[in-house]
Amino acid sequence: MELTSPRFKANVRDALKKPNLKTAMGRLISTMGPRRLAARAGLPEFERLCDQARDIKNHTLANLDFYLEAYEAKLRASGGTLHWCRTPEEARATILDLCRQADARTVTKGKSMIAEEIGLNEFLEANGIEPVETDLGEYIIQIAGEAPSHIIAPAVHKTKEEIADLFFEKHQRYGLPKRSEPKDLVDDARKILRPRYIAADVGITGANFLIAETGSSVIVTNEGNGDLTQSLPKMHIVVASLEKLVPTLEDVTTILRVLARSATGQEFSTYTTFSTGPRRADDLDGPADYHVILLDNGRSRLLGTEFQDMLRCIRCGACMNNCPVYAAIGGHAYGSTYVGPMGAVLTPSLVGLADSHHLPNASSFCGRCEEVCPMRIPLPKLMRAYREQSFAAKLGPAPERWALAAWAFAAKRPRLYRLVSEAAARLLGNHGARRGAFRRLPLAGGWTGGRDLPAPEGRTFHSLWRERRRAGAA
Amino acid sequence: MSANARDAILAEVRKSLAGRRRANHSTDPSGDAPAARLEGHARNLIPDRTAGGRAANVALFIKMIEGVSGTVERVASASEVPKVVAGYLARHNLPPKLAMAPDSRLTSLPWAAQPLLEIRQGAARESDQVALTGTFAAVAETGTLMMASFADRPNTLNFLPDNHVVVVAVKDLVGTYEDAWDRLRAAGGLPRTTTFITGPSRTSDIELVPTLGAHGPRRLHVILIEDAG
Ligand code: SF4
């Protein structure tokens with residue numbers, strides 16, 4: 001997709017004007033939060049399992065070279081082929097090559113964020129191969145010509161009326177009548193995609209995990225689309241990235257116990273499928289060829305830095321389902337493949353801060369994302385680290401930097417800080433005393449544009465504290 | 001391209017990790033040596049919910065399947081399965097036709113007693129409405145069926161037909177996924193496809209409304225055989 005993160009502020013302004021988006025996002029927050037909490041309450045060991053899941057990924061990342069080579073050896077022994085790719089360009093070229101080997105005209109696709117990350121659909125189309133998204137949410141946004149707005153519910157920004165209109169427009173050529181209930185829309189998509197699965201020459205899926213012990217790739221779905229995608233065509237291509245590695249079946253099982261509960265509030269997703277090599281000699285079905293694309297795209301450089309923590313992410317989406325900023329602006333405003341709190345950290349890691357320095361600012365630092373993250377990723381801390389980097393690299397607007405620099409200068413000098421803050425509190429207190437709040441403040445129009453600034457009482461915390469101490473001592 | 005990319009990526013990974021390794025900053029709280037970990041199959045924390053014994057796990061298995069809109073029918077012995085399958089088809093107004101896995105546990109059942117039933121053995125076809133399969137193991141923890149795609153158990157039967165009827169023997173019911181892994185390792189390791197199935201196909205992609213029958217089976221029906229045989 002085209003990266004529009006540099007236009008983040010304009011994106012946000014546009015998003016806030018869309019009434020349907022507000023409805024859809026409100027629904028997300030009010031539905032997914034409680035679903036997750038109920039699932040968590042149903043498993044007393046949940047928090048301890050999260051600790052173990054974190055430890056498993058930390059161990060894997062600390063020994064990633066070992067596990068990558070172990071995985072490669074097992075994959076090869078099972079008859080599959082591994083393709084190491086440094087960049088999206090290398091990954092796309094490799095996939096195109098494989099599709100050409102299979103004489104592919106259409107490929108079906110299960111949901112894959114890595115495929116989004118490398119812009120696979122546009123590339124295949126430009127090369128005369130038709131990609132067909134089969135996950136319902138991905139199908140909806142594909143025919144709408146949009147990008148996903150959520151990592152597990154890609155079309156969550158759309159209301160059912162919008163989807164009904166879209167289906168009516170795009171499905172007329174199949175002779176389908178206009179329908180508007182979710183179950184009928186699901187049924188329409190099912191009817192249209194059935195023959196596509198069967199006609200496809202290649203099936204492309206993502207991978208939630210790669211297992212070093214067995215050389216398997218794992219997908220977790222509810223619809224069963226990923227399984228039809230990989231079982232029916234003669235070639236199965238998996239698009240994955242370095243950090244999907246997990247040592248053993250026991251390890252992945254522990255992580256699976258927290259994944260579905262965090263993502264959708266289910267005890268377990270409907271389908272969890274382990275694919276190990278191509279079909280065996282006596283098998284009655286399954287793909288004859290099995291290829292795994294292993295993408296780096298900057299991940300190896302994050303190892304050993306404080307951003308290594310981000311590589312534990314299992315893409316459950318809990319951080320965005322519980323984020324007040326994401327809830328207000330939706331996923332498209334981020335202008336990047338990965339959105340919400342995890343996207344605000346991962347995007348700068350993958351594309352660099354120059355184009356994405358606004359994203360780590362899309363946070364109120366309420367801390368909800370870290371609280372709900374099953375992999376214990378300190379998202380606010382990492383956003384703060386990127387804020388510091390963009391400050392150091394002078395990426396923010398100049399007045400903001402000057403103000404921060406002035407504040408930092410004063411904050412390191414307690415007497416100066418007290419003098420200035422007391423003077424400011426008095427000034428603001430005197431001027432705002434009548435209404436109790438300011439509607440507009442010079443130099444802070446952006447902040448007061450949408451809300452009032454409560455007027456201080458005229459005293460600072462420091463001076464009240466000193467006074468109490470004195471009173472207490474007396 | 002691939003050989004270069006491989007070496008370059010591994011070199012970058014090692015370079016990035018080297019700093020931490022030298023500093024002896026253990027980022028590895030478990031302290032496991034990786035090679036031993038791959039061999040050891042050590043279990044992590046196992047939830048308590050399946051510790052109640054066989055009868056409790058049967059009850060839990062049924063409760064969990066029903067909780068995800070699957071259905072369960074209990075029979076005393078395997079010989080009752082053909083009659084129960086015929087009854088299921090009639091109840092749902094389905095034609096008396098089955099696509100069945102050529103699994104000896106199924107083919108050995110007394111199908112002759114249901115002469116009207118048309119049975120085809122093999123992988124699924126687009127026109128199949130009902131699939132009948134066995135299962136490698138059933139997991140009580142979440143009401144989950146573990147399917148292993150051995151030569152007599154084609155994977156497409158699990159996904160293509162609208163109705164999936166699964167025959168489960170109580171002796172194949174285990175408590176946890178880990179128990180199922182141990183059984184699969186003992187049976188020779190992972191086949192091409194190992195699938196955990198928990199309920200019929202579903203989606204929440206339209207307004208987060210849970211809707212059944214997205215792409216896989218619209219119905220999942222388990223026939224649970226109580227006898228030990
Ligand atoms: S950062 Fe944590 S909560 Fe967010 S998607 Fe990743 S694992 Fe889930």
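This is a predicted model: local features need pLDDT of at least 70, side-chain atom pairs count only at pLDDT 80 or more; totals for chains, interfaces and linings use all residues.

Modeller: Two strands are said to pair if DSSP finds at least two bridges between them.

Colleague: What makes S6(A) and strand S9 (residues 271-275) of chain A a pair, and in which sense do they run?

Modeller: The criterion is at least two bridges. S6(A) and S9(A) share 5 bridges, so they meet the criterion and count as paired, in the antiparallel sense. Within this pairing, Val220(A) stands opposite Thr272(A) in S9(A).

Colleague: How do you know that strand S5 (residues 209-211) of chain A also pairs with S6(A)?

Modeller: The same test applies: 3 bridges are found against a requirement of at least two, therefore S5(A) and S6(A) are paired, again in the antiparallel sense. Phe209(A) has Val218(A) as its bridge partner in S6(A). The hairpin formed by S5(A) and S6(A) has 4 residues between the strands, and Gly215(A) takes a positive phi near 75° in this hairpin.

Colleague: Why is S6(A) described as largely enclosed by the rest of the structure?

Modeller: Buried means under 20% relative accessible area. In S6(A), 6 of the 6 residues are buried, and the strand is therefore largely enclosed by the rest of the structure. In a regular strand the side chains alternate between the two faces of the sheet. Ser216(A), Val218(A) and Val220(A) are buried on one side of S6(A), and Ser217(A), Ile219(A) and Thr221(A) are buried on the other, which leaves both faces covered.

Colleague: Why is Thr221(A), with a relative accessible area of 16%, called buried?

Modeller: The value of 16% for Thr221(A) is under the 20% limit, so the residue is classed as buried. Thr221(A) belongs to strand S6 (residues 216-221) of chain A. Beyond its neighbours within four places in sequence, Thr221(A) contacts Asp227(A), Ser269(A), Thr270(A) and Tyr271(A).

Colleague: Why is Tyr67(A) called buried as well, and which residues does it touch?

Modeller: The relative accessible area of Tyr67(A) is 0%, under the 20% limit, and Tyr67(A) is therefore buried. The residue lies in helix H4 (residues 64-77) of chain A. Not counting residues up to four places away in sequence, Tyr67(A) touches His59(A), Thr60(A), Ala212(A), Leu245(A) and Pro247(A), together with Pro34(B), Arg37(B) and Leu38(B).

Colleague: Why is Asp103(A) called exposed, and where does it lie?

Modeller: A residue is exposed if its relative accessible area is over 50%. Asp103(A) has 64%, so it is exposed. Its position is in the loop between helix H5 (88-101) and strand S2 (106-109) of chain A. Phi of Asp103(A) is near 55°, which is positive although the residue is not glycine.

Colleague: Is Gly128(A) buried or exposed, and what is the ground for that class?

Modeller: Gly128(A) has a relative accessibility of 61%, over the 50% limit, and therefore counts as exposed. The loop between helix H7 (120-126) and strand S3 (130-133) of chain A holds Gly128(A).

Colleague: What class does His41(B) receive at 28% relative accessibility?

Modeller: The limits are under 20% for buried and over 50% for exposed, with partly exposed in between. The value of 28% for His41(B) lies in between, so His41(B) is partly exposed. His41(B) is located in the loop between helix H2 (34-40) and helix H3 (54-67) of chain B. Its phi is positive, about 50°, although His41(B) is not a glycine.

Colleague: How do you know that strand S4 (residues 130-133) of chain B is covered on both faces, and which strands pair with it?

Modeller: Val130(B) and Leu132(B) on one side, and Ala131(B) and Thr133(B) on the other, are all buried. Ala99(B) stands opposite Ala131(B) in S4(B). S4(B) and strand S7 (residues 163-169) of chain B also pair in the parallel sense, over 4 bridges. There, Thr133(B) stands opposite Val166(B) in S7(B).

Colleague: What confidence values accompany the model?

Modeller: The model scores ipTM 0.96 and pTM 0.91. For chain B the mean pLDDT is 93, and 93% of its residues reach 70 or more.

Key: Residues are numbered from 1 along each chain as its sequence is written. Chains are lettered from A and ligands numbered from 1 in the order in which they are written. Side-chain values use heavy atoms; hydrogens and water are left out. Buried means under 20% relative accessible area, exposed over 50%, partly exposed in between (1.4 Å probe, protein chains only). Contact means heavy atoms within 4.5 Å. pLDDT is the predictor's confidence in each residue, from 0 to 100.
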